[in-house]
Amino acid sequence: MIELYRLVYGENMLFYHGRAAYLYRVIATYKIAQKNHDAALDALSKMCAHAIRADAAKPGERFTSPFTDRLIFPEAGKDFDDLTVHNHAWYCLQKMEQPRYDPLREEERFTNILQTLTENAK
């Protein structure tokens, strides 16, 4: 699904980076259940990167795919109020408090992910 987003919207997926972040968090959940902690940390690192890219999207920016390069990221308003209270980094950080991530808490990579999310959360 993430590759489909990239194909349709290009490397600059704007707010779809947020959906990619969500999907990587789901992937991490499955990898933790399989006790594949390295793969879970890889997925969480990608989640973090996509959350930050989603939060960096500015109104007026365009998608980079030739399929959607005429579409622009809209201003927040009545019809589009995505993340007017908190940003993707904040929501991802809240999810990291769930007990499912307990097996990763002592890992330096997990601590770095939390730190990056904390620094970018609003």
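Me: Leaving aside its neighbours within four places in sequence, which residues is Leu117 in contact with?

Reply: Contact means heavy atoms within 4.5 Å. By that rule, Leu117 touches Met47, Cys48, Ala89, Cys92, Leu93 and Met96. This is a predicted model: local features need pLDDT of at least 70, side-chain atom pairs count only at pLDDT 80 or more, and totals for chains, interfaces and linings use all residues. Residues are numbered from 1 along each chain as its sequence is written, and side-chain values use heavy atoms, with hydrogens and water left out.

Me: What is the mean pLDDT of the protein chain?

Reply: pLDDT is the predictor's confidence in each residue, from 0 to 100. Where pLDDT is low, the predicted coordinates should not be read in detail. Here the chain mean is 91, and 93% of the residues reach 70 or more. Among the elements, α5 has the highest mean (98) and α1 the lowest (90).

Me: Which residues have the most contacts inside the largest nonpolar core?

Reply: In soluble globular proteins, nonpolar side chains tend to be buried together. A nonpolar core is a set of buried Ala, Val, Leu, Ile, Met, Phe, Trp, Tyr and Cys residues joined through side-chain atoms within 4.5 Å. Buried means under 20% relative accessible area, exposed over 50%, partly exposed in between (1.4 Å probe, protein chains only). The largest core has 31 residues, and Leu44, Met47, Leu104 and Leu117 have the most contacts inside it. Helix α3 gives the most, with seven residues.

Me: What covers the buried residues of α3?

Reply: Helices are DSSP runs (H or I, at least four residues), numbered from the N terminus. The cover includes α1, α2, α4 and α5. Among the buried residues of α3 are Leu44, Met47 and Cys48.

Me: How many disulfides does a search of the whole structure find?

Reply: A disulfide is a covalent bond between the sulfur atoms of two cysteines. The test is a pair of cysteine sulfur atoms within 2.5 Å. The search finds zero. For Cys48, the nearest cysteine sulfur is that of Cys92, 7.7 Å away. Cys48 is buried at 5% relative accessible area, and Cys92 is buried at 7%.

Me: Which residue forms a salt bridge with Asp42?

Reply: A salt bridge is a side-chain nitrogen of Lys or Arg within 4 Å of a carboxyl oxygen of Asp or Glu. Asp42 pairs with Arg109, the closest N and O atoms being 2.4 Å apart. This pair links helix α3 to helix α5, across 67 residues. Asp42 is partly exposed at 38%, and Arg109 is partly exposed at 32%.

Key. Helices (H or I, at least four residues) and strands (E, at least two) are DSSP runs, numbered from the N terminus.
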